[in-house]
Amino acid sequence: RSGHLLSKMRFVSAQLEAYISNDVWLRNARQANKMGKKLSEGLNKHHSIELAYQTKANEVFAKFPKHIIEHLNSEGYKINQEELDGKAIRLVTAWNTNESDVNQLLETISNKTS
């Protein structure tokens, strides 16, 4: 599916087998979802930020004021405010997102809102 030749399928299969063995995929998903929830809860504490949708997984959709988006972009984050027709931005956590990553983003936001 990703441009691999069928003759090379043993390489694809080896990667897939490693990914599904010992519930690696499940641990990765749990970590991403846990960090999504932490991010969502942290954003929800800010009166100027509104969650657009309930967070059910590792994607958080929120409405940010323009000045916070500009601040985050100036701090090195890449916020794409046109992604959802300007109605909300999408923040995604991954298997390798850790608590310090989420805390750093929330702190950066808090520094601008306080």
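Let's take contact to mean heavy atoms within 4.5 Å. This is a predicted model, so local features need pLDDT of at least 70 and side-chain atom pairs count only at pLDDT 80 or more, while totals for chains, interfaces and linings use all residues. Residues are numbered from 1 along each chain as its sequence is written, and side-chain values use heavy atoms, with hydrogens and water left out.

Leaving aside residues up to four places away in sequence, Thr108 touches His71, Leu72, Glu75 and Tyr77. Thr108 is buried, with a relative accessible area of 12%; buried means under 20%, exposed over 50%, and partly exposed in between (1.4 Å probe, protein chains only). A polar atom of its side chain also lies 2.8 Å from the backbone oxygen of Gln104, where a polar contact is a pair of N or O atoms within 3.5 Å, one able to donate a hydrogen and the other to accept it, and residues adjacent in sequence count only if both atoms are side-chain atoms.

Now step back to the whole chain. The protein chain has four helices and three strands, running α-α-β-β-α-β-α from the N terminus. These are DSSP runs numbered from the N terminus: helices are H or I with at least four residues, strands E with at least two. Of the 114 residues, 25% are buried. Among contacts with a separation of 6 or more, 58% are between residues 24 or more positions apart.

On to the strands, which form an open sheet of three in the order 1-2-3, with antiparallel pairing. Strand 1 (50-51) and strand 3 (89-92) are the edges, each pairing on one side only. Two strands count as paired if DSSP finds at least two bridges between them, and strand 1 is joined to strand 2 (residues 59-63) by two bridges. Leu51 has Ala62 in strand 2 as its bridge partner.

The accessible surface is about 8,200 Å², with 49% belonging to carbon and sulfur atoms (Shrake-Rupley method, 1.4 Å probe; for residues, only the protein chains shown count as cover). Leu16, Tyr19, Ile20 and Trp25 make a nonpolar patch of about 410 Å². Patch residues have over 30% relative accessible area and no salt bridge, with nonpolar side chains (Val, Leu, Ile, Met, Phe, Trp, Tyr) joined within 5 Å and like charges within 9 Å; a salt bridge is a side-chain nitrogen of Lys or Arg within 4 Å of a carboxyl oxygen of Asp or Glu. Helix 1 (residues 9-20) supplies the largest share of the patch, three residues. Trp25 belongs to helix 2 (residues 24-44) and is partly exposed, at 38% relative accessible area.
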